[in-house]
Every structure is written in structure tokens, then in C-alpha cells.
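Visitor: I am new to this structure and would like to learn how to read its features. Could we take them one by one?

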Amino acid sequence: MAQSAVTLSFWFSDIEASTRMWEKHPDAMAEAVARHDAIVRRCVESNGGTIVKSTGDGLMAVFAQPAGAVSAGIQTQQELHRENWAQTG
């Protein structure tokens, strides 16, 4: 029996300079990471992806279609940019 190949797209998010921000603003960072994760999760799932793993300050997702990964990345950047991050920037 022949096997068919499946191509997956892997997608990662990471909060830049999060260690420094945790040291400076631990309370604000707890809220910021929770908001980040909620935004990323919503964008990934609405574009056909699945969250595979949390990395502490980021998430890993997988998509069956590359276009979904690209769309999730664009949507995530737009939504993160619109948020007011106050102390954490």
C-alpha cells in the first residue's frame, strides 16, 4: 500500500525580551502573557491551526495549510499591535 506525503506548516510565537520584562514588571507580565496567549490562540484556531505546545513566553502551532499559517501570523501581528500593553510595551 502506498503512503501519501503530508506537508504541515509549523508556527511559533515568542515575546521578545520577556525575561527582562518579567524582572521589571512581574505582575504586568502575568497579565500580558495571558492576553498574548489568548490572542495567539484565537488567531491560530480561526485560521485552521492547532496549538501544540506552550513555551512559557510563546506558543507553537501546526497548520495543515500554509495559507492558514500565514494568515494567522498576519492577524496575530495586527491584533497584538492594536492592544495597549502599558508597562510591558
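Visitor: Where is the place of Asp57?
Guide: This is a predicted model, and in it Asp57 sits in the loop between β2 (49–54) and β3 (59–63).

Visitor: Which side chain of opposite charge is nearest to Asp57, and how far away is it?
Guide: Side chains of opposite charge can pair when their charged atoms come close. Asp57 is buried yet has no salt bridge, and the nearest side chain of opposite charge is that of Lys53, 11 Å away.

Visitor: Which side chain is joined to that of Asp57 by a polar contact?
Guide: The side chain of Ser18 is, with a polar contact of 2.7 Å. Beyond the neighbours within four places in sequence, Asp57 is in contact with Ser13, Asp14, Ile15, Ser18 and His36.

Visitor: Let us turn to the chain as a whole. How many helices and strands does the protein chain have?
Guide: There are three helices and three strands. Along the sequence they follow the pattern β-α-α-β-β-α. The C-alpha atoms fill a box of roughly 60 × 20 × 15 Å, taken along the principal axes. Of the 89 residues, 38% count as buried.

Visitor: In what order do the strands of the sheet stand?
Guide: Strands of a sheet pair through backbone hydrogen bonds, either parallel or antiparallel. Here the three strands form an open sheet in the order β1-β3-β2, with antiparallel pairing. β1 and β2 stand at the edges with a single partner strand each, so one side of each has no neighbour in the sheet. Ignoring direction, neighbouring strands of this sheet are turned by 25 degrees against each other on average.

Visitor: Over how many bridges do β1 and β3 pair?
Guide: They pair over four bridges, in the antiparallel sense. Phe10 stands opposite Val62 in β3, and Trp11 stands opposite Ala61 in β3.

Visitor: Which helix lies across β1 and β3?
Guide: Helix α3 (residues 66–82) does, and it runs at about 15 degrees to β1.

Visitor: What is the place of Thr7, and is Thr7 buried or exposed?
Guide: Thr7 is in the segment before β1 (9–12). Its relative accessible area is 60%, so Thr7 counts as exposed. Thr7 and Ala64 are 57 residues apart along the chain, yet their C-alpha atoms are separated by 6.9 Å.

Visitor: What is the phi of Ala17?
Guide: Most residues other than glycine have a negative phi. The phi of Ala17 is near 60 degrees, a positive value in a residue other than glycine. Ala17 lies in the loop between β1 and α1 (18–24). At 31% relative accessibility, Ala17 is partly exposed.

Visitor: Now the charged pairs. How many salt bridges are there?
Guide: The count comes to three salt bridges. In one of them, Glu31 pairs with Arg35, and the closest N and O atoms are 3.2 Å apart. Both residues lie in helix α2 (residues 26–46), four residues apart, which is about one turn of the helix. Glu31 is partly exposed at 48% relative accessibility, and Arg35 is partly exposed at 21%.

Visitor: With which residue does Glu83 form a salt bridge?
Guide: Glu83 forms a salt bridge with Arg35, the closest N and O atoms being 2.9 Å apart. This pair links distant parts of the chain, with Glu83 in the segment after α3 and Arg35 in helix α2, 48 residues apart. Glu83 is partly exposed, its relative accessible area being 32%.

Visitor: Which side chain meets that of Glu79 in a salt bridge?
Guide: The side chain of Arg42 does, at 2.6 Å from N to O. Here too the pair links distant parts of the chain: Glu79 is in helix α3 and Arg42 in helix α2, 37 residues apart. Glu79 is buried, with a relative accessible area of 13%, whereas Arg42 is partly exposed at 45%.

Notes. Residues numbered from 1 in each chain as written. Predicted model: local features only at pLDDT ≥ 70, side-chain atom pairs only at ≥ 80, totals over all residues. Heavy atoms only, no water. Helix = DSSP H or I, 4+ residues; strand = E, 2+ residues; numbered from the N terminus. Buried < 20%, exposed > 50% of the residue type's maximum accessible area, 1.4 Å probe, protein only. Lys, Arg positive; Asp, Glu negative; His and termini not counted. Salt bridge = Lys/Arg side-chain N within 4 Å of Asp/Glu carboxyl O. Polar contact = N/O pair within 3.5 Å; in protein donor to acceptor, adjacent residues only side chain to side chain. Contact = heavy atoms within 4.5 Å. Pairing = 2+ DSSP bridges. Axes fitted to C-alpha atoms, helices over the stretch in contact; angles between N-to-C directions.
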